[in-house]
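Here is a short briefing on one structure. Look through the sequence and the coordinates, then read on.

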Amino acid sequence: MLKKIRNITLQMIAGANVVTVVLMLLIGFSDRLNPMDHQFLANVGLAFPAFLFINFCFLVFFLVFKKKYALVSVAGFLVGYQPVRTYCPFNIGRDVPAGAVKVLSYNVHGFVADNPPEDAPNPILDYIMGSDADIVCLQEAYLNDAIVSAAKEAYGYVDSVMHPTRADCLVLFSKYPILSKDRIEYKSKGNLSAAFKVNIGGDVVTVVNNHFETTGLSLSDRAGFKDMMKGKSGKDTIKAESKRLAKKLGEAARKRAPQVDAVAGFVRECREPVILCGDFNDSPISYARRTLGKVLTDCYVATGNGPGISYHHNAFFVRIDNIMCSADWRPYGCKVDRSNGYSDHYPIYCWLKRVENDKNGR
């Protein structure tokens with residue numbers, strides 16, 4: 001009798017595992033959906049880590065109690081290998097070769113540091129100056145004379161592109177000469193993308209800096225979400241808040257889609273080697289990341305390890321900052337640096353080596 005109850009219980013749990021795997025796969029491949037056509041499904045990728053974790057728990061459970069049922073979880077991971085690797089890659093580290101270019105991308109939150117130490121007037125700027133990066137792409141980077149002076153002393157070349165409404169400013173610090181800059185045209189009330197031509201070792205390289213459409217969530221929206229995550233909201237409040245947040249996030253994704261398409265089109269037509277950085281304001285399982293990942297190498301997926309959480313405020317923990325490159329480059333050691341938490345984003349950095357100069361890349 002007890003054996004029969006045990007078998008029925010295991011079968012029920014296995015059924016729940018099947019449902020979890022199906023949902024995990026549907027969510028994992030949701031980045032194929034264009035938010036222009038599927039606005040309210042555009043952000044289901046945010047739920048992917050939850051189903052990934054639940055499926056892993058099922059795997060551990062069945063390895064202990066019923067090994068053959070563990071095949072369901074294993075099948076889920078195999079079929080969903082691509083979204084699983086996109087969200088949480090694992091790579092064998094390789095030594096950075098001589099001559100590689102270090103690239104840093106950082107949404108600096110206007111250089112306004114959260115809880116700055118008394119002995120560091122601007123710890124965000126201090127971090128950038130001490131990063132030893134060769135190319136630095138900054139978002140929400142409003143410059144003043146002190147920042148420009150410090151940057152020019154460390155890097156030599158500084159340039160920026162500001163949105164016409166002055167709502168946002170993209171900045172490039174470079175140890176290599178900046179030849180030109182252009183805004184990539186698309187519709188947005190405050191966000192923008194810009195292409196900088198840089199002379200790296202005699203070759204012209206296009207560095208594309210992006211800050212795609214923001215989520216549109218107000219401080220109160222984010223505070224409400226944080227309360228939900230901490231269990232401080234009632235059932236009715238959670239339901240109403242969830243619908244409202246889903247609607248806002250969907251509207252932002254719909255606005256973001258043509259912006260991403262415009263940048264992807266620009267990259268396709270670009271004749272020079274490309275380095276692309278920025279704050280995508282979208283999760284790894286998203287139309288934005290996949291669209292650009294089809295025309296460029298995602299450096300974090302190719303060389304990083306773990307989920308690489310880059311946004312860390314108000315209970316939103318997700319990798320929304322990215323570095324990508326054209327096939328002219330081989331990436332090494334991409335990492336989200338969690339040692340510097342003074343902005344609402346962590347910086348992300350990577351080394352890039354030109355393929356034709358990398359004998360091991362052939």
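Which residue lies over the face of tryptophan 329, and at what distance from the ring centre? Arginine 354 does, at 5.6 Å from the ring centre. A charge sits over a ring if NZ of Lys or CZ of Arg is within 6 Å of the ring centre and within 35 degrees of the ring normal.

This is a predicted model: local features need pLDDT of at least 70, side-chain atom pairs count only at pLDDT 80 or more, and totals for chains, interfaces and linings use all residues. Residues are numbered from 1 along each chain as its sequence is written, and side-chain values use heavy atoms, leaving out hydrogens and water.

- Helices (H or I, at least four residues) and strands (E, at least two) are DSSP runs, numbered from the N terminus.
- Strand E12 (residues 348–354) has six of its seven residues buried, so the rest of the structure largely encloses it. Buried means under 20% relative accessible area (1.4 Å probe, protein chains only).
- E12 pairs with strand E11 (residues 329–336) in the antiparallel sense over six bridges; strands pair if DSSP finds at least two bridges between them.
- Tryptophan 329 stands opposite arginine 354 in E12.
- E1 and E12 also pair in the antiparallel sense, over five bridges.
- Leucine 104 stands opposite tyrosine 349 in E12.
- The ring of tyrosine 349 has the charged end of lysine 102 over it, 4.5 Å from its centre.

**Aromatic pairs**
- The whole structure holds ten aromatic pairs. Rings of Phe, Tyr and Trp (its six-membered ring) pair if their centres lie within 6.5 Å; planes under 30 degrees apart count as stacked, over 60 as edge-to-face and the rest as tilted.
- Phenylalanine 48 and tyrosine 87 have ring centres 6.1 Å apart and planes at 65 degrees, so this pair is edge-to-face.
- That pair links distant parts of the chain, helix H2 and helix H4, 39 residues apart.
- Phenylalanine 48 is buried at 0% relative accessible area, and tyrosine 87 is buried at 11%.
- Tyrosine 155 and phenylalanine 173 have ring centres 5.7 Å apart and planes at 35 degrees, so this pair is tilted.
- Tyrosine 155 is in helix H6 (residues 145–155) and phenylalanine 173 in strand E4 (residues 169–174), 18 residues apart.

**Positive phi in loops**
- Phenylalanine 111, not a glycine, has a positive phi of about 60 degrees. Its loop runs between strand E1 (101–107) and helix H5 (123–129).
- Asparagine 281 has a positive phi near 55 degrees, and is buried at 12% relative accessibility.

Conventions. Buried means under 20% relative accessible area, exposed over 50%, partly exposed in between (1.4 Å probe, protein chains only).
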